[in-house]
Amino acid sequence: MGDETDRYQDKQTVAEYWDKHTDDTFTGDTYWLAHLHVCRRFHRKSVGGEENYHWVNFCSERFLRDANDKPAQRVLNIGCGEGELDRYLVSINAAESIDAIDIAPNRIRIAKENASHENCADRINYTVSDAESSAFPRSDYDAILFDSSLHHINNLEAVIERCRFSLKSNGVLIVNEYIGPNRYRFNDRELEAMRAVFQLIPEKYRVSHMEPDRGKVRKEMGFPDPLEVERVDPSEAIRSEDIVSAIRQFFNIEVFNPQGGSLLQFVLQGIIGNFRAGDGESERILDMLFAVEDALVDVGDIEPHFALIIARPKS
């Protein structure tokens, strides 16, 4: 009974946390992917090197449309948040019908409102649901998507196996995801590399945009405390490092594209606002950081922490 009570309380904490944290949390001067130059590189790596090609368009054109260019009939989005992905899929006609679920009631409410405002509510069915404990709305999907949501799942194997049985035989699993260390417990080499890369950044680009050191030049970068990460959101990166192996149990991976961020997710956190979009000098510094991170990942010195994964069900 105690374990069941703890799990229930954890789920309540997760739902309440995400009810309060809207998509606006991931914008501005603090979030690494809020910067256009960083975001473009993320998408370029997601799709295997093509310029100005969003990962969702890549997936839509290569995996959601049939030989006659017809969109997928039914898509399931697990952990939909406020529905930005769903609305975008409708806007590019990638899916005729989308079921979208999330554990946070307030985010589902916002998603429904946004879909109504953009006149696509008739093609998206939003439901408050916990993917770990509730059945999926249907069992005949052409595609199932996780967009930065699978790293919040504890019972990975059960959820991914259910995905396999809920997809058509030729269906596709699309995972755009953090796959790095659980709770951001980085190993010694990763910590060493992050500290070294941070020191390469000139001081004027290390001015903090976050409390408690807002406006001050950071001498050293900070790292997340795994215990605090768990306390604030018990689902955060709970089994992120096991995602790839869990997918391989039930799916054949057709695409695995590392997206960057192994070092820069936290190296740039809180200071990314100093790099002015479109400024040549700022972009040169960022390009230097990109090159260091890519080299260390390419030679196997550090592991990819983000990846676009596309997989088909095993028979």
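**Figure 1. Arg 164 and Phe 165, a charge over a ring.** The charged end of Arg 164 lies over the ring of Phe 165, at 4.4 Å from the ring centre. A charge sits over a ring if NZ of Lys or CZ of Arg is within 6 Å of the ring centre and within 35 degrees of the ring normal. Arg 162 likewise places its charged end over the ring of Phe 136, 4.9 Å from the centre. The model is predicted: local features need pLDDT of at least 70, side-chain atom pairs count only at pLDDT 80 or more, and totals for chains, interfaces and linings use all residues. Residues are numbered from 1 along each chain as its sequence is written, and side-chain values use heavy atoms, with hydrogens and water left out.

**Figure 2. Aromatic pairs at Phe 266.** Tyr 184 and Phe 266 are edge-to-face, because their ring centres are 5.1 Å apart and their planes stand at 75°. This pair links distant parts of the chain, 82 residues apart: Tyr 184 belongs to the loop between β5 (167-178) and α7 (188-200), and Phe 266 to helix α10 (residues 264-267). Helices (H or I, at least four residues) and strands (E, at least two) are DSSP runs, numbered from the N terminus. Tyr 184 is buried at a relative accessible area of 10%, and Phe 266 is buried at 10%. Buried means under 20% relative accessible area, exposed over 50%, and partly exposed in between (1.4 Å probe, protein chains only).

Phe 186 also forms an edge-to-face pair with Phe 266, at 5.7 Å centre to centre and 65° between the planes. Phe 186 is buried, with a relative accessible area of 9%. One aromatic cluster is formed by Trp 32, Phe 42, Tyr 178, Tyr 184, Phe 186, Phe 266 and Phe 306.

**Figure 3. Contact of helices α2 and α11.** Residues of α2, namely His 37, Val 38, Arg 41 and Lys 45, meet Glu 283, Leu 286, Asp 287, Phe 290, Glu 293 and Asp 294 of α11; contact means heavy atoms within 4.5 Å. Of the residues in this contact, three are nonpolar, one is polar and six are charged. Ala, Val, Leu, Ile, Met, Phe, Trp, Tyr, Cys and Pro count as nonpolar, Asp, Glu, Lys and Arg as charged, and the others, Gly among them, as polar.

Technical notes
Phe/Tyr/Trp six-rings, centres within 6.5 Å; stacked < 30°, edge-to-face > 60°.
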